[in-house]
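This report presents one protein structure, from its overall architecture to individual residues.

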Amino acid sequence: MGKGRHAGGQGRLTDGLSMVLTCCVVGCHNRGVRDKVSFFRIPSAPGPNDGAQAASLISERRQRWIAKINRKGWLPSKYSRVCSAHFISGISILVPRG
Ligand SMILES: [Zn+2]
C-alpha cells in the first residue's frame, strides 16, 4: 500500500530551502536523498484545540517516540524525522536498535 505521501498542507517547503532530511536516531546517518529510506515525522505536541482525550493520546504517542529515540535532554523539533529503518514494516512502531 503506497499511501501516506500527500504533498504537505501549506504549499512548498519553507522559503525554497531544500532541506535534506536526516534521521534523528542516535548513530543513524541515513539521509533522504542519498539513501532509499522514507521519513516519518514525530507526532507534535498537542495543541490548544485538541480535546483532553486526544491530547493525552497524542502526548502518549509522542512520549513513546521520544523514549525510543532515547537521546538525553532532547526534544523533537518540527523538523525532526525518523527514517524507515527503525520501523517494523507497515506499522508505525519504532523498533529499538540492537
Ligand atoms: Zn534512521
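The sections below treat the basis of the model, the architecture, the nonpolar core, the helix and one further segment.

## Basis of the model

This is a predicted model, in which local features require a pLDDT of at least 70 and side-chain atom pairs count only at pLDDT 80 or more, whereas totals for chains, interfaces and linings use all residues. Residues are numbered from 1 along each chain as its sequence is written.

## Architecture

The protein contains one helix and two strands, and their order along the sequence is β-α-β. Helices (H or I, at least four residues) and strands (E, at least two) are DSSP runs, numbered from the N terminus.

Of the 98 residues in the protein, 11% are buried. A residue counts as buried if 20 or more other C-beta atoms lie within 10 Å of its own, as exposed if 12 or fewer do, and as partly exposed in between, with C-beta atoms placed from the backbone. Among contacts between residues at least 6 apart in sequence, 51% join residues at least 24 apart; a contact requires C-beta atoms, placed from the backbone, to lie within 7 Å.

## Nonpolar core

The largest nonpolar core comprises seven residues: C23, V25, I42, W65, I69, V82 and C83. Helix α1 and strand β2 each contribute at least two residues to this core. Such a core is a set of buried Ala, Val, Leu, Ile, Met, Phe, Trp, Tyr and Cys residues joined through C-beta atoms within 7 Å. In soluble globular proteins, nonpolar side chains tend to be buried together.

When neighbours within four places in sequence are left aside, V25 is in contact with I69, V82 and H86.

N70 follows α1 and lies in the loop between α1 and β2. Although N70 is not a glycine, its phi is positive, at about 55°. N70 is exposed, because 12 other C-beta atoms lie within 10 Å.

## The segment after β2

A85 belongs to the segment after β2 (81-83). With 14 other C-beta atoms within 10 Å, A85 is partly exposed.

Apart from neighbours within four places in sequence, A85 is in contact with C28, N30 and V37. A85 and S38 are separated by 47 residues in sequence and by 8.4 Å in space, C-alpha to C-alpha.

Terms used: Two residues are in contact if their C-beta atoms, placed from the backbone, lie within 7 Å.
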